[in-house]
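Biologist: Could you take me through this model one feature after another, with the general idea ahead of the particular case?

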Amino acid sequence: MNNLRMVDLQGQYQKIKKEIDQEIFKVIESTQFINGDVVKEFQKDLENYLDVKHVIPCANGTDALQVAMMALDLKPGDEVITTSFTFIATAEVIALLGLKPVLVDVNPNTFVIDPQSIKNAISSKTKAIVPVHLFGQGAQMEAILTIASENDLYIIEDNAQAIGADYYFSNGTKKKLGTIGDIGCTSFFPSKNLGCFGDGGAIFTNNDEYAKKLRSIVNHGMRIRYYHDDVGINSRLDSIQAAVLKVKLKYLDEYNNKRQAAADYYDSHFKNQAKLEIPVRAEYSDHIFHQYTLKTNGIDRDKLREELEKAKVPAMVYYPVPLHLQKAYRDKRYKDGDFPVTEALSKCVISLPMHTELDKNQQDYIINNVLKIIGSI
Ligand SMILES: *Cc1c(COP(=O)(O)O)cnc(C)c1O
């Protein structure tokens, strides 16, 4: 088997090629490459899907986070609490804006930011919390909402990896992840659960004032043409990307279900293996498996990955270096050992191929190789 990939965008495209090509050609023929009607149409569709009042499309997920922080008027020196176990973009924008990233540890089972650690990190300068819904599963939003309201903090959700997942509140209601805090952010990077054919992103909010400000900031701080009320940036979602997303949004639930089915199949073969721990699914959130991430137990994770590579089974480590140990973010506040859970995870996690096109043959091949290798190392 030599066609295994972490993500199979080819196979996914082939199934909806006609629809996608047609929508892309419509944009080309209209020549409305920027702010075409289709951008507004996709925006409305996504607002309906997420049941959120405002969606503000933008150029990528990193910009979405940056614009969210700009809209909340955070000032240099303000502290923003986020997780040490995430993709770098989350902390990058905090640092770029001259704010102070305050990193905290994560839950050892679900890998999401730990509420008690957030509490311990709050100071008089703390202004916001950025929970990340990691690998397709929600952070503990109910606890985080309580902490935020008790301490008067904003919540910006980084939902780049969990679009479409529901969060279940203890009172029986549910909401889509990304629509729970003050502002939510997502990415449409091609490999995300809802991906376009290049870069793309969006910001969500139910607050009318924030929405106005966010819309202004993504467009040079301009509310009326050539009148600039805010310092902004240029961060737009191209019409061609919006056309792709408008088609793919219709399939998002189906895509997420396929990922869950593939995860179930992996689980059924790995759950009784002493050397592996299958992903823990929290009761309070859907898990839509942006990544299928195992914890290895008492074996050399890097050896497993090497051997898998020899068998042509791709595997990745998300994330091999915690944020507080990254060269660019080294800070005298932090040292090796400060975040024991994150540090242990960075040494034992491994992610297997996970996408919408995985079939049983492919999964059997992956599973058999994993089992064979862990039996021999
Ligand atoms: C992908 C990702 C981002 C950044 O999105 P881009 O569109 O690549 O800028 C931010 N946060 C997390 C957790 C991500 O996975």
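Modeller: We will go from the overall fold to the ligand and then to the backbone.

Modeller: This is a predicted model, in which local features need pLDDT of at least 70 and side-chain atom pairs count only at pLDDT 80 or more, while totals for chains, interfaces and linings use all residues. Residues are numbered from 1 along each chain as its sequence is written, and side-chain values use heavy atoms, with hydrogens and water left out.

Biologist: How many helices and strands does the protein have?

Modeller: Helices (H or I, at least four residues) and strands (E, at least two) are DSSP runs numbered from the N terminus, and here there are 12 helices and 14 strands. The C-alpha trace spans about 65 × 55 × 45 Å along its principal axes.

Biologist: Which residues come nearest to the ligand?

Modeller: A residue counts as near if one of its heavy atoms lies within 4 Å of the molecule; of the 14 residues around the ligand, Gly61, Thr62, Asp158, Ser187 and Lys192 come nearest. By class, this shell has 4 nonpolar, 8 polar and 2 charged residues, where Gly is counted as polar. Helix H3 (61–71) and helix H4 (89–96) each supply at least two residues of the shell.

Biologist: Where should I look along the backbone?

Modeller: Most residues other than glycine have a negative phi, and most peptide bonds are trans. Asp51, which is not a glycine, has a positive phi of about 55° and is found in the loop between helix H2 (37–50) and strand E1 (54–58). The peptide bond from Tyr318 to Tyr319 is cis, with omega near 0°, and Tyr319 is found in the loop between helix H10 (301–310) and helix H11 (340–348).
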